[in-house]
2 protein chains.
Amino acid sequence: MIIDCHGHYTTAPKALENWRNRQIAGIKDPALKPRVADLRISDDELRESIETNQLAKMKERGSDLTIFSPRASFMAHHIGDFEVSQAWAAICNELCFRVSQLFPDHFVPAAMLPQSPGVDPKTCIPELEKCVKEYGNVGINLNPDPSGGHWNSPPLSDRHWYPIYEKMVEYDIPAMIHVSTSCNPAFHTTGAHYLNADTTAFMQCLTSDLFKDFPTLRFLIPHGGGAVPYHWGRFRGLAQELKKPLLSEHLLNNIFFDTCVYHQPGIDLLNTVIPVKNVLFASEMIGAVRGIDPETGHYYDDTKRYIEACKILSGADRQQIYEGNARRVFPRLDAALKAKGQ
Amino acid sequence: MIIDCHGHYTTAPKALENWRNRQIAGIKDPALKPRVADLRISDDELRESIETNQLAKMKERGSDLTIFSPRASFMAHHIGDFEVSQAWAAICNELCFRVSQLFPDHFVPAAMLPQSPGVDPKTCIPELEKCVKEYGNVGINLNPDPSGGHWNSPPLSDRHWYPIYEKMVEYDIPAMIHVSTSCNPAFHTTGAHYLNADTTAFMQCLTSDLFKDFPTLRFLIPHGGGAVPYHWGRFRGLAQELKKPLLSEHLLNNIFFDTCVYHQPGIDLLNTVIPVKNVLFASEMIGAVRGIDPETGHYYDDTKRYIEACKILSGADRQQIYEGNARRVFPRLDAALKAKGQ
């Protein structure tokens, strides 16, 4: 089985974006604020948006199951207050849940949280609990910078975030550390902010002893870990200067990287420096980079091709990257698959 | 000849730091403010700080000449106002100039600028002019985020920066795009802020048409280009989505990467994806990562070893990376060397 651990619902029916735009307009003028019941998207519309997009590509490329969360750039936690984020997260999570019900063999949901700048993360717990208990979510996306590029939240190692971590440990779910749209003109969203956040999050963990407090906490760092594997020597050296243990002990029982790196040399590097047990297959397809690479004639985000062509991986390594690691990092996914005899 | 294009005076005599601390204390209490003349560092002290450190390592490792600028993390443009930065930049640039006079065969200076958050960059021009005309500086370091991690300056493509670019074009000098200390607790200075800035700067150029306005402007992106080479497919794909030309035409006549990547797989990747003509040898030695890599038994920042061991480079490629490219990107260095018959 091939599990893609990083998919977002980037192809939701237009009605969703329209509702969000009305919600944003309602921040300034409450008369424009839509009710949740105003959003009507039928099962047929959901089915079509998936069948002609993600599911078609999964079949074409040969992956089986996607861990599916709301569109990352649309989370936009910086917009409005907690109540705005709460209503928006609930709607987006419900849609991903419905997709998982319509295509139970192909999609399993992961939740966005109703984060809001300056608001205590524990306010996210009711939505998190609902998503795990009622919707069968197997993971969450945690935004280390709900301000959208101003980076004024405490580092991930700060006790500020501990209420979320306590719930993650209780439910045995990992978090993908994933920012959203940048509203800072210095940072292009998918070309700078996403990658910077990956590097920043890793370094926040490296300088801290977070995983001593939470030995079973698991973070998945997307986009191949930002700059981290490319600078693995730098990070090993910095850990050494800071008198931390080797990264293999200090971080690699808790931090995992996905394979959203859109060319062969990048995937080769990732698998050269990061142990196989820490790499999870992912494509984030129909995402930031949707075109066809003129150098290969294939989609940039068809990352399975790079894994297949990566010469240093054995068949057993690929099986870990495609399935084994995801089942270990997402135990609720493993349990759900086992319950179905898979 | 082997030219290291990225060296900072990280080993300046302690008197420099003491003066700076008094200057910082003087921001709150003007009675404590030191005079420039209070800083006394003898030639012998300068000589010793270099001979036992950078020069010793250059001889050990086999490089000949370092493009030498003030310590990056000490620039700290976010401290105080323009006047504070002006006095500090003048002092630091003078010290690098003196080092270049004491060791004319081994050090050539590059200038820091007296940037200050919210202050028009054109205020930096007198210092820049002095450094080029009187001190023989061959390049500058330009900080795209003088706030120190708050990123509230306009992107590098903005007209805000054009006065600096006009001078760079006039003098035919490149800029290394280099941030300083992060005062934002989200960002570790050398483990996150530096690498993020490299990626951010590249993407600011990618989304713009800056090099149409300045076809001869040259930026050197340090630390191997941050996350850029590792995600080269992503950046090629983003340029394509944005209907920009191929990166080879759009950016690679103007943007160059150094080799401050502290392990073999990173250097191999850099040279796999970035054309040889865009890679300049550098180590930033006695910098962020000063230890010995237990996996190799050699210093992490002894980057020449990685270049030597990089199998895809020919002898001619190495000559370009070690010397030819630096002489092309820093024409004033080339002219100075030629004037000495080198």
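Let me start with one histidine. His231(A) touches Leu195(B), His223(B), Gly226(B), Cys260(B), Val261(B) and His263(B), leaving aside residues up to four places away in sequence. Touching, or contact, means heavy atoms within 4.5 Å.

A word on what we are looking at. This is a predicted model, where local features need pLDDT of at least 70, side-chain atom pairs count only at pLDDT 80 or more, and totals for chains, interfaces and linings use all residues. Residues are numbered from 1 along each chain as its sequence is written, chains are lettered from A and ligands numbered from 1 in the order in which they are written, and side-chain values use heavy atoms, with hydrogens and water left out.

Back to the histidine. His231(A) sits in the loop between strand E7 (219–221) and helix H10 (232–241) of chain A. Helices here are DSSP runs of H or I with at least four residues, strands are runs of E with at least two, and both are numbered from the N terminus. Is His231(A) buried or exposed? It counts as buried, because its relative accessibility is 0%. Buried means under 20% relative accessible area, exposed means over 50%, and partly exposed is in between, using a 1.4 Å probe and protein chains only.

Now the interface as a whole. 54 residues of chain B are in contact with 54 residues of chain A. The area buried between the two chains is about 4500 Å², and carbon and sulfur atoms give 58% of that. Buried area is the accessible area, with a 1.4 Å probe, that two parts lose on being put together, summed over both. Which residues of chain B lose the most area to chain A? Tyr230(B), Arg234(B) and Arg236(B), together 19% of what that side buries.

Tyr230(B) comes up again with Val261(A). Val261(A) touches Tyr230(B) and His231(B), and its partners in chain A include His223(A), Gly224(A) and Tyr306(A), again not counting residues up to four places away in sequence. Val261(A) lies in the loop between strand E8 (255–258) and helix H12 (264–273) of chain A. It is buried, with a relative accessible area of 0%. Val261(A) and Met112(A) are 149 residues apart in sequence and 23 Å apart in space, C-alpha to C-alpha.

Next, helices in chain A. H1 covers residues 14–28, which is 15 residues. At 1.5 Å a residue it should span 21 Å, and its end C-alpha atoms are 22 Å apart, so the two agree. That expected span is 1.5 Å times one less than the number of residues. Which residues of H1(A) are buried? Leu16(A), Trp19(A), Arg20(A), Gln23(A) and Gly26(A). They cover an arc of only 115° around the axis, which puts them on the same side of H1(A). The arc is taken from the directions from the helix axis to the C-beta atoms. On the other side of H1(A), Lys14(A) and Lys28(A) are exposed. The cover over the buried residues of H1(A) includes helix H4 (72–75) and helix H5 (82–102) of chain A.

Chain B has a similar story to tell in H6. Ile125(B), Glu127(B), Leu128(B), Cys131(B) and Val132(B) are the buried residues of H6(B). Their arc around the axis is only 160°, which puts them on the same side of H6(B). Pro126(B) and Lys133(B) are exposed on the other side. What do the buried residues of H6(B) pack against? Helix H5 (82–102), E4, strand E5 (140–142), helix H7 (162–171) and helix H15 (331–339) of chain B.

Ser116(B) counts as buried, at 4% relative accessibility. Its contacts include His77(B), Asp81(B), Ser85(B) and Pro146(B), not counting residues up to four places away in sequence.

Last, two backbone points. Phi of Trp151(A) is near 50°, a positive value in a residue other than glycine. Trp151(A) is in the loop between strand E5 (140–142) and helix H7 (162–171) of chain A, and it counts as buried at 4% relative accessibility. Glu284(B) also has phi near 50°, positive in a residue other than glycine. Its place is the loop between strand E9 (279–280) and helix H13 (303–309) of chain B. Glu284(B) counts as buried too, at 5% relative accessibility.
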